[in-house]
Amino acid sequence: MHSRSCLNINLSLLAENFQKLRSICSQNEIIFMVKADAYGHGLLPIVNFAHKELGVKEFGCATLAEAIQLREEFFDCQFEVYVFSDVQLQNKESAEFYLNRRILPIISNIEDLKSILENPCFKFLPLCLKFNTGMNRLGLPYNDAEMIIDLLKKSSRKTIHHLMTHFSSASLPMDNNKRNLEQRDNFANLKKLFLDSGLNLEKTSISNSGAIEQKVGLEETHVRPGLMLYGPSSLLEQYSEKSCWDGKIISSLETYILDSFSVERGQPIGYGATPCPSNGVVSILAMGYGDGFSTHYVGAEVAHGGLSGKVFGRVNMDMLQVFFKDASLSREIASGNKIKLWSNDPAGLSKF
Ligand SMILES: *Cc1c(COP(=O)(O)O)cnc(C)c1O
């Protein structure tokens with residue numbers, strides 16, 4: 001029996017990507033971003049490999065639940081875990097996990113900051129502050145920096161464990177995009193405000209993948225790469241010359257052909273009765289949006305067995321169609337054959 005569809009993760013490619021990253025930012029500590037199930041690659045196996053084989057000592061999760069899972073699975077491992085967005089500090093039971101499981105919350109609003117400063121239990125919790133310097137998503141308001149500094153001093157806090165911000169537009173050039181320049185300026189000012197006020201900054205970071213690829217933010221103690229470690233560049237195609245990244249896609253998505261048949265121009269196919277643009281072959285693949293194959297991938301190119309096809313018509317719950325223009329039925333596209341929808345091998349790569 002075929003397994004329906006398979007996402008293969010190649011950990012030696014992850015190791016290659018990591019070494020490449022290391023050579024770009026040899027002086028920085030790395031927070032390896034593993035939020036959203038390690039970008040869909042599997043939280044536990046990725047962290048296991050990254051910690052034990054690559055020596056990664058800091059991981060960034062999105063949710064407290066992910067962080068707890070890491071602490072439970074790797075209870076005897078000495079790495080740091082940060083929670084970036086779904087911190088749940090207002091919930092007393094959740095908040096206790098930070099103390100009991102040695103997890104670091106990234107504080108990005110005043111209410112959370114106050115609740116930490118006002119609670120004596122959190123007296124020794126290292127403070128990680130994320131400021132909004134222009135992204136306007138989560139983050140302490142840049143314009144309230146002085147008020148926040150006051151608040152910290154009144155609470156007798158002398159040290160910020162980690163001060164950070166996040167770029168909204170790291171897929172655009174860092175050297176001339178107005179937003180990026182402004183965010184870089186704002187972060188520099190922010191650090192100055194903290195230091196001038198006598199507060200101690202232990203660690204700082206500003207760069208996600210797109211910025212690291214442009215060698216920006218490497219003067220900070222830390223970088224926070226996510227996407228690049230899994231392979232892709234974050235830069236928009238028209239700015240690719242700004243990127244020094246040549247990572248390898250560590251996953252390959254494979255499924256198999258349920259059926260293939262010859263079609264004529266105009267012949268309607270499947271839901272929505274999409275007409276075939278020319279004569280050719282339609283292959284029905286055993287993968288759909290129920291498997292996570294987005295309906296937005298219609299039009300993506302699929303290279304297979306020397307043929308070039310396109311995801312065609314509508315993606316269904318459990319199936320999708322690939323249209324091979326001007327092709328005739330051949331061994332490569334016969335039913336039962338495996339087919340790769342993406343991989344690091346350019347022969348099987350499809351463009352989305
Ligand atoms: C997700 C995230 C990152 C990593 O972003 P990539 O673009 O995937 O490298 C870094 N910092 C923060 C705060 C994030 O939320």
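Are K191 and E220 buried or exposed? Both K191 and E220 are buried. The model is predicted, and it holds nine salt bridges. Side chains of opposite charge can pair when their charged atoms come close. Three of these pairs, among them K191 with E220, are described below.

**K191 and E220**
- The side chains of K191 and E220 form a salt bridge, with a distance of 2.9 Å from N to O.
- K191 sits in helix α8, which covers residues 178-196, while E220 sits in the loop between α9 (209-213) and β11.
- The two residues are 29 apart in the chain, and their pair links distant parts of it.

**K20 and D246**
- A salt bridge also joins the side chains of K20 and D246, at 3.7 Å from N to O.
- K20 belongs to helix α1 (residues 11-24), and D246 to the loop between β11 (222-223) and β12 (251-263), so this pair ties together parts that lie 226 residues apart in sequence.
- K20 has a relative accessible area of 21% and is partly exposed.
- D246 has a relative accessibility of 52%, so D246 counts as exposed because the cut-off is over 50%.

**K192 and D196**
- K192 and D196 form a salt bridge in which the closest N and O atoms are 2.8 Å apart.
- Both residues lie in helix α8, and they are four residues apart, about one turn of the helix.
- D196 counts as exposed, at 56% relative accessibility.

Note on methods: Residues are numbered from 1 along each chain as its sequence is written. This is a predicted model: local features need pLDDT of at least 70, side-chain atom pairs count only at pLDDT 80 or more; totals for chains, interfaces and linings use all residues. Side-chain values use heavy atoms; hydrogens and water are left out. A salt bridge is a side-chain nitrogen of Lys or Arg within 4 Å of a carboxyl oxygen of Asp or Glu. Buried means under 20% relative accessible area, exposed over 50%, partly exposed in between (1.4 Å probe, protein chains only).
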